[in-house]
Amino acid sequence: MKIKTIMLGGAAFAMSATAALAEDMTIVSWGGAYTASQQAAYHDPYSAMTGVNIINDASSGEAVAKLRAMSEAGNVTWDVVDVVAADALRLCDEGLAMEIDADTQLADAPDGTKASVDFGDLMVNECFIPQIVYSTTFGYRKDLVGSTAPTSVCSVFDTAAYPGKRSLEKRPINNMEWALMCDGVAKSDVYDVLATDEGQARAFAKLDTIKGDVIWWSAGADTPQLLADGEVIMGSTYNGRLFALIEEQGQNVGMLWDGQVFDLDGWIIPAGLSDERKARALDYVYFATDTQRLADQAKYISYGPARKSSAPLVSKHATLGIDMAPHMPTDPNNAKNTLLYNYSFWADYRDDIDAKFQAWLAK
Amino acid sequence: MSNTNTVLASDGTSLKKSLAKSLRRQKIRALLLIAPLLFFVLLTFIAPIGDMLFRSVENNIVSDTLPRTVKVLSKWDSMSGQAPDEEVFEAFARDLKIAVKSKLHTKLGSRLNYEKTGISSLVRQTGRKVKKLDLDATPSFKDAFEKMNKKWMDPSVWQTIQQFSSKYTDGYFLAAADLTRTSEGIQKVDEDKKIYFKLFVRTLYMSLGITFMCILLGYPIAFLLATLPMRSSNVLMILVLLPFWTSLLVRTSAWKVLLQNQGVINDFLVWLGVIADGNRLELINNVTGTVIAMTHILLPFMILPLFSVMKTIPPTYMRAAKSMGANDFMAFRRVYFPQSIPGIGAGSILVFILAIGYYITPEIVGGTKGVFISNRIAYHISSSLNWGLGAALGAILLVVVLALYWLYDKFVGIDNVKLG
């Protein structure tokens, strides 16, 4: 056991060269524009206020695997980790994330509303502190889709009206839902249908109709690049990526909000931190998820704040000066037809459907 | 008789013995010299790999989390078509209550969910309800569980628990070979889930293809490097090494820019009029993309051993062959080429083994038809967290490579491999 611990310790040490020192705090996130928005909205003001030095680590993509390795090695070097809700669920299941009591450990809204009410349904489990609502949706090249711009997510499956390549994420999640919705399944029945073998076969049959026209992506930056280069006429990605492509880089790309799938991103605190580090992590999270801070982040990136009380405070983009509210996935004009990522369904079916999806891809 | 023939050393012992002694001393000294390295490799390389591979058979979680249940469940007849009786449910309630306290039940759920879809949330939901269950005031545990979730009455859930209750399992290896264990014994998985065998085969033949491409492209370059005068061969060498020193991701992304549909190569061909604008070549997101990008990335591993072997072939041999009447081709084929084969052998082994384990490049340029088994291993290690299956796939890959190495040694001979 001891030797095993030492070995795994060596591996974990190699994985995360940045061990936290006393006055340092390691915060793990996604890197790129997203970390930059957190730096401006949360890290900088927090450091100025407390003098704590925040170290960024862009490992959220492998956060679950790395946290598991660290925990087995008995040396968790991360203090606060930004993960999507599905990963938070798994970390909580594995006992790798700390449980949070929202009402005592998170800030109330300015009007005194308790945090648990302010976040509402978005607190998908005991460990997850929601931060933003983002969506996976489609962007299309305005000059390549012909005279009528697509208005429905089903135009992705309509190769007659919109010939050309489209990019989809190389995983079953979202694609299966879209396929069923566009095959005539009512939105409320999608997961019931998808839970059956026939329903899965039906979704694959629908995806089969466009299989030859799909470029599969695995990194969020792929679709923006493919759109910019004209490799695809439309493609799915995170709405913030499309915002950057359209508003910041001025590409000739349009947003297709129809059928967007809402997902959540937020913080977890790893289990097994020392009392001192735990207290600091909780202090940071208390600060970074209060009403004003969440609204501040929306100045830098077009993701919707997770608190209800933050929505009215969303203002203009920090450098472009445009109103951010219409670019939020939660804006009423954008959220006419949406789907919420079904966490418990995918926790159960992910392995099974993914095996089928991979076999289908390889066919 | 024999005594008279024994040669004695100066100290009176037999020369043979004294020689053996000094040889042994030399060996020990050599061993001591490499001991730190050996220790280092053992601790940081072999042991972690061994530990990781061990996970492919390890299955403590079920018997550790549900010790009482496993014991009484072993008596249950899995073919009865009925859920187990009260005794099992009582043991299960007691086990689960303890597991919930230490948050182990969800781990158990994730483990069993690999075998039977749906157990993950079944256990999670039941765990919440079991917290409120009073163990001493429950008349019938079976009814209590039925009330919590009807699925507990499904015998197949209990079959799964029973099947995976032993401390070691072959389940991961079966899954890695597209097999599954059902109540009727080991069977092939459904056609719509078969993937790993296909990927193993694809990994092997594509790696062979890449190795062959590397020989084809690398041999002439190595030949030039070895025969050109020093000054120009040095420049050429830098050209070979430059991409070698460039980041892997940068090179792979560069191939994306070159190969994509609206990319440099297609644009150029359209501009030349070789292909029509509407009929651009599919060079990326398929097998072609993987082979091109990986051949480029692995080429130095072929050129360098080839070069160092060719450097040792004296140019006089070729001249001698020609002076005896061989033409250029004959001299090359009969004299030069056979001497360069050890280089081809070394380069091929290097390239092939590296290719088999690659996953970043196929992930970026491989699309769906150009990905390798290592992409699945990476997925199971970092995404699905099914480390057991990842370890089983890795173990199979390791065995396949060792088997190929053995075959290679048998037919080509590992002595025929030279790095210079």
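Analyst: What follows covers pockets, cavities and helix contacts in turn.

User: What should I know before we start?

Analyst: This is a predicted model, in which local features need pLDDT of at least 70, side-chain atom pairs count only at pLDDT 80 or more, and totals for chains, interfaces and linings use all residues. Residues are numbered from 1 along each chain as its sequence is written, chains are lettered from A and ligands numbered from 1 in the order in which they are written, and side-chain values use heavy atoms, with hydrogens and water left out.

User: How much space lies in the second largest pocket?

Analyst: The second largest pocket holds about 1200 Å³ of space. On a 1 Å grid over the protein atoms alone, a pocket is an open set of points with protein on both sides within 12 Å along at least five of seven lines, whereas a cavity is a set where a 1.4 Å probe fits but cannot get out. Grid points are joined across faces, edges and corners, and a volume is the space filled by probe spheres set on the points.

User: Which residues lie nearest the centre of that second largest pocket?

Analyst: They are B:Y114, B:E115, B:K116, B:T180 and B:K193, out of 44 lining residues; a lining residue has an atom within 4 Å of a point.

User: Which elements give two or more residues to that lining?

Analyst: Chain A gives α9 (197-208) and α14 (343-362), and chain B gives α9 (155-163), α10 (171-176), β1 (179-182), β2 (185-188) and α19 (373-382). Helices (H or I, at least four residues) and strands (E, at least two) are DSSP runs, numbered from the N terminus. The largest share, six residues, comes from α14(A). By class, the lining of the second largest pocket has 14 nonpolar, 16 polar and 14 charged residues. Here Ala, Val, Leu, Ile, Met, Phe, Trp, Tyr, Cys and Pro count as nonpolar, Asp, Glu, Lys and Arg as charged, and the others, Gly among them, as polar.

User: What does A:A355 touch?

Analyst: A:A355, found in helix α14 of chain A, touches B:D192 and B:K193, not counting residues up to four places away in sequence. Contact means heavy atoms within 4.5 Å.

User: And how far apart are A:A355 and A:V285?

Analyst: A:A355 and A:V285 are 37 Å apart in space, C-alpha to C-alpha, and 70 residues apart in sequence.

User: Moving on, how many cavities of 30 Å³ or more are there?

Analyst: The count comes to two cavities of 30 Å³ or more. The largest cavity holds about 250 Å³ of space, and 18 residues line the largest cavity, with A:R90, A:A347, A:R350, A:D351 and B:S110 closest to its centre. Elements giving two or more residues to this lining are α4 (85-93) and α14 of chain A, with α6 (105-113) and α7 (119-130) of chain B. Here too α14(A) gives the largest share, five residues. The lining of the largest cavity has eight nonpolar, four polar and six charged residues.

User: What lines the second largest cavity?

Analyst: The second largest cavity, with about 30 Å³ of space, is lined by A:F138, A:V153, A:V156, A:F157, A:L168, A:N175, A:W178 and A:L207. This lining divides into seven nonpolar, one polar and no charged residues.

User: Now the helices. At what angle do α13 and α15 of chain B pack?

Analyst: Helix α13 (residues 248-259) and helix α15 (residues 287-311) of chain B pack at about 140 degrees, with axes 10 Å apart. That angle makes α13(B) oblique to α15(B). Axes are lines fitted to C-alpha atoms, for helices over the stretch in contact, and angles run from 0 to 180 degrees between N-to-C directions. Angles under 35 degrees count as roughly parallel, over 145 as roughly antiparallel, 65 to 115 as roughly perpendicular and the rest as oblique.

User: Which residues of α12(B) meet α15(B)?

Analyst: B:M237, B:V240, B:L241, B:P243 and B:F244 in α12(B) meet B:H296, B:P300, B:F301, B:I303, B:L304 and B:F307 in α15(B). By class, this contact of α12(B) with α15(B) has 10 nonpolar, one polar and no charged residues.

User: How do α13(B) and α14(B) cross?

Analyst: The axes of α13(B) and helix α14 (residues 264-272) of chain B come within 4 Å and cross at roughly 25 degrees, so α13(B) is roughly parallel to α14(B). B:V257, B:L258 and B:L259 in α13(B) meet B:V264, B:I265 and B:N266 in α14(B).
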